[in-house]
Amino acid sequence: MKRISCKESQRRQRGVALAFLLWMLAALSLMVAGVVSVSVTDVRATGLQLDQIKAEAAAVGAAHLALRDLRSARSEADFNPRSVFQRQYPLGESEVTVRAIPIGGFLSLNLAPAGLLQLLFEHVGKVAPGAAEALAGEVIAMRGGAVSDEDAESRFPAAVPAPFMVVEDLLRVSGMTRTVYDRVRLALHAQSGGVPGVDPLAAQGGALQALANGDAALVDVVMNRRQEESIMDFAPPSGLSQEFLATAGGGVYCLEIDVQVASERRLRQRIWADMGGRTGAAPWRFTRVFPIEVANTATGTSQ
């Protein structure tokens, strides 16, 4: 048997120790990298939360300023209650843009006819035509109407509140998915005081796409006419679905509030407000305040 010298044994031991040391260093490096990654994520999350808190405070303040200015503008002779009212306000480090969109610019979950809902689900929700028609029928059924193949009362028991109280109730409709809901939710409302159709002068995003049967070029025509022509002279193009057009004014508005914060993020707050029948400190009231979201700068929508 070959005898191992003392020096050779020591060299082998040093080699094992070096390998073990290198393994420990690699493990510690991975551990440190993981801790750093988690810390960076926590810092970013904290920064976003801080931005959201600041933006929410700025948005609520700007909403009251915009409603004050809107109330003043509504008393002027040339004011059109169907038009979108927009103002900008510098608040601290934030630049805030408020757009007050009349309720007529959205589809009413409680009043929109099945044909209009079908257009929304098909062209905005990206649902196949047959499935979009069936989904629209389910919405009508949930509002208390009947469906062709079975009794609506047996499908929707009395314990389920109807009509729709909030837009999120759409998720309870048979066949509705979260993906479709996220695509159409910004075009809908469940507020009182709405109309069955959509006002093309105030229609935004998905509501306008539904009226245009998904024709992007026609949507651009409407948007350009609203910018170039006098509001009083605006005439909707003939290509829009005429049977679903409405001329709605009233005092219910959706406030879309964009807040540009110091971190270069653009956050959006949506608030529904009613300007009628209010007595007390302010002549308006908030009827629904949505959670603040990160605005998509490419499309102008919320994420």
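This is a predicted model: local features need pLDDT of at least 70, side-chain atom pairs count only at pLDDT 80 or more; totals for chains, interfaces and linings use all residues.
Let me begin with a definition: two strands pair if DSSP finds at least two bridges between them. Keep that in mind, and hello everyone.

Strand E1, residues 85-91, and strand E2, residues 94-102, run antiparallel and are joined by seven bridges. With at least two bridges needed, the two strands count as a pair. If you want a spot to look at, find tyrosine 89, which stands opposite valine 96 in E2. And while you look along the strands, remember that in a regular strand the side chains alternate between the two faces of the sheet.

Now, what sits between E1 and E2? The hairpin has two residues between the strands, and glycine 92 there takes a positive phi near 60°. Glycine 92 lies in the loop between E1 and E2. Is glycine 92 buried or exposed? Its relative accessibility is 82%, so glycine 92 counts as exposed, the cut-off for that being over 50%. In space, glycine 92 and valine 261 are 9.7 Å apart, C-alpha to C-alpha, while 169 residues separate them in sequence.

Let's step back to the whole chain for a moment. The protein chain has seven helices and eight strands. Of its 303 residues, 40% count as buried. Its accessible surface comes to about 16,500 Å², and carbon and sulfur atoms hold 56% of that. Among contacts with a separation of 6 or more, 60% are between residues 24 or more positions apart.

On to helix H2, residues 114-123. Which residues of H2 are buried? They are Leu116, Leu117, Leu119, Leu120, Phe121 and His123. These buried residues pack against several elements: strand E3 (107-108), helix H3 (129-142), helix H5 (178-184), strand E4 (188-189) and helix H6 (205-211).

Glutamine 118 is also in helix H2. With a relative accessible area of 22%, glutamine 118 is partly exposed, because buried means under 20%. Leaving aside neighbours within four places in sequence, glutamine 118 is in contact with Pro129, Ala132, Glu133 and Ala136. Glutamine 118 and valine 139 are 10.0 Å apart, C-alpha to C-alpha, and 21 residues apart in sequence.

Next, two backbone spots. Most residues other than glycine have a negative phi. Lysine 126, however, has a positive phi near 60° and is not a glycine. You'll find lysine 126 in the loop between H2 and H3, and at 58% relative accessible area it is exposed. Asparagine 213 is not a glycine either, and its phi is positive too, at about 55°. Asparagine 213 lies in the loop between H6 and helix H7 (216-228). Its relative accessible area is 35%, so asparagine 213 is partly exposed.

Last stop: empty space. Rolling a probe the size of a water molecule over the atoms shows where empty space is left. How many cavities of 30 Å³ or more does the structure hold? The answer is one, and the largest cavity has a volume of about 40 Å³. Its lining is made of Val167, Tyr181, Arg185, Leu186, Leu188, Arg270 and Phe290. By type, that lining divides into five nonpolar residues, two charged and no polar.

Definitions and conventions. Residues are numbered from 1 along each chain as its sequence is written. Side-chain values use heavy atoms; hydrogens and water are left out. On a 1 Å grid over the protein atoms alone, a cavity is a set of points where a 1.4 Å probe fits but cannot get out, and a pocket is an open set with protein on both sides within 12 Å along at least five of seven lines; lining residues have an atom within 4 Å of a point. Grid points are joined across faces, edges and corners, and a volume is the space filled by probe spheres set on the points. Ala, Val, Leu, Ile, Met, Phe, Trp, Tyr, Cys and Pro count as nonpolar, Asp, Glu, Lys and Arg as charged, and the others, Gly among them, as polar. Helices (H or I, at least four residues) and strands (E, at least two) are DSSP runs, numbered from the N terminus. Buried means under 20% relative accessible area, exposed over 50%, partly exposed in between (1.4 Å probe, protein chains only). Contact means heavy atoms within 4.5 Å. Accessible areas come from the Shrake-Rupley method with a 1.4 Å probe; for residues, only the protein chains shown count as cover.
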